[in-house]
Amino acid sequence: FYQRHLVLARAAAAARDKTLLWLLGTLTIPNDRWFSEVGIGNGHRVPCSWITLALLDDLREPIHPAKAKTPTQFRDRGRGIVSFRSGWDRDATYVVFDGSQRSPSCQGHDHDSCGHFSISALGERFAIDTGRYNMEQDQHNLVLVDGKSGRSTDGEWRASSHPGRLIDYRPGEFCDFAAADSSHQHNCYWARRHLGLVKGAGAPSYVWTVEDINKANDRAEFWWTLNTCPGNRIELFKSHATIRGQAHGKLLDVHFALPDPKAYPKPHTLSMSQDVVRVGSPKYMSDEEVCKNLAAFRGREHEMIHGRLWQRPRLIAKVGGYNGRFMSLMIPRSKGDKPAKVQRLPSLDNSLAVRIAFADVEDTLIWAYEHSLLEAGAVSARGQWVAVRRSRRNGRMLTHAGADLTALTVNGRAVPMGAT
């Protein structure tokens, strides 16, 4: 961000936190129109200005967050924004989850972004925030009812007044979890999104979401959307999609799990598509001006990620049903790695369950909407959700998260408190 060298260096001095100096040198803006950048050693780059020169002695002593034991989870209670990461290495999976709360003390360029997520993994930006001039829900990584925003800005560039709310936040060693209520912004009877980041040895760290949307007690088409970095490519399959990153060619596999077809008078349906989206304030930012700005980034469109996203690819999964209740899984992998096998498991009514098989381990993820009965495959537990990781070689449970541990059984055997 602009003037980051002044802001972060000042904050590092005030808070006596030299990890902020690491952040200053790690963030970089290619072709910054304000300042060119210069390397100062250790792979760090800083803006070339008199401010940097004045701060140069301090900038030489950054501390890596891992050495400082900086937590990998963060929550801003007032703003309702959360970040989770699997670690501090360059290939870590990093997710930002937006509760879109409003502050009574200050109004800004508020967006209808409750439930939006951004994901980086393996050095790729897979799911992005679209930035300025993109206010409505249809400009964010959200579920759109019948493909439309719940509230309209009528093409103008103005703040969105309806708030969202962060309703849960539970960091954990194996799975971080958060949830948001976007009912006001969706203009629905209710709309809630739940998100988890699964971490740990044996598999890549991946993100899951569970949706719970009721528009008006009737069928609708729920568009699950993901805006990805310009330059990334989207490949569609019958029931899933794969995003190939522009930076290193790494991949993100996106899968979905729907309710049992017999659970409703008509089963839920799924179809995959993609499109290209431009800024969402056409009355303020004319198409002529958008084209002019796009031309300035020709050949390096991915650099728009550092400012306004004038145009970007979007993945869409259209789920038709009496409600928007379904699960998504976003699993990163390197080139040449075999994709995980994702299988929907039979489960109790009003619940969702999947099995995710990696090379060495197998995860079972179960979600219950109201009854807290988590029953699928070899796992039985009590709670809203449970994630269980087992060895594929011998079936032994390695770790778990989410459920009431006193009521968890695997393969019919009770799991003692604190067992691994």
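**Close-up A. Asn350 in the loop between strand 20 and strand 21.** In this predicted model, Asn350 lies in the loop that connects strand 20 (341-344) with strand 21 (351-357). Its phi is positive, at about 65°, although Asn350 is not a glycine. Most residues other than glycine have a negative phi. With a relative accessibility of 24%, Asn350 counts as partly exposed, because that class covers values between 20% and 50%.

**Close-up B. Leu122 in the loop between strand 6 and strand 7.** Leu122 is placed in the loop that runs between strand 6 (117-121) and strand 7, and although Leu122 is not a glycine, its phi is positive, at about 55°. The relative accessibility of Leu122 is 14%, so this residue counts as buried, the cut-off for that class being under 20%.

Close-up C. An α-helix has 3.6 residues a turn, so residues three or four places apart point the same way.

**Close-up D. Thr130 and the residues around it.** Thr130 belongs to the loop between strand 7 (124-127) and strand 8 (143-145), where it is buried, with a relative accessible area of 0%. A polar atom of the Thr130 side chain lies 2.8 Å from the backbone oxygen of Gln139. When residues up to four places away in sequence are not counted, Thr130 touches Gln139, Asn227, Arg308, Leu309 and Arg312.

**Close-up E. Pro163 in the loop between strand 8 and strand 9.** Pro163 is found in the loop that links strand 8 to strand 9 (165-170), and with a relative accessible area of 30% this proline is partly exposed. Leaving aside residues up to four places away in sequence, Pro163 touches Ser100, Arg102, His184 and Gln185. Pro163 and Ser182 are separated by 19 residues in sequence, while the distance between their C-alpha atoms is 7.7 Å.

Close-up F. Rolling a probe the size of a water molecule over the atoms shows where empty space is left. In this model, two cavities of 30 Å³ or more are counted, and the largest cavity has a volume of about 60 Å³. The residues that line the largest cavity are Cys114, Gly115, Leu142, Val143, Ala180, Ser182, His186, Ala191, Arg192, Arg193, Glu211 and Ile213. Strand 11 (190-198) and strand 12 (206-214) each supply at least two residues of this lining, and the largest share, three residues, comes from strand 11.

Methods. Residues are numbered from 1 along each chain as its sequence is written. This is a predicted model: local features need pLDDT of at least 70, side-chain atom pairs count only at pLDDT 80 or more; totals for chains, interfaces and linings use all residues. Side-chain values use heavy atoms; hydrogens and water are left out. Helices (H or I, at least four residues) and strands (E, at least two) are DSSP runs, numbered from the N terminus. Buried means under 20% relative accessible area, exposed over 50%, partly exposed in between (1.4 Å probe, protein chains only). A polar contact is a pair of N or O atoms within 3.5 Å; within protein, one must be able to donate a hydrogen and the other to accept it, and residues adjacent in sequence count only if both atoms are side-chain atoms. Contact means heavy atoms within 4.5 Å. On a 1 Å grid over the protein atoms alone, a cavity is a set of points where a 1.4 Å probe fits but cannot get out, and a pocket is an open set with protein on both sides within 12 Å along at least five of seven lines; lining residues have an atom within 4 Å of a point. Grid points are joined across faces, edges and corners, and a volume is the space filled by probe spheres set on the points.
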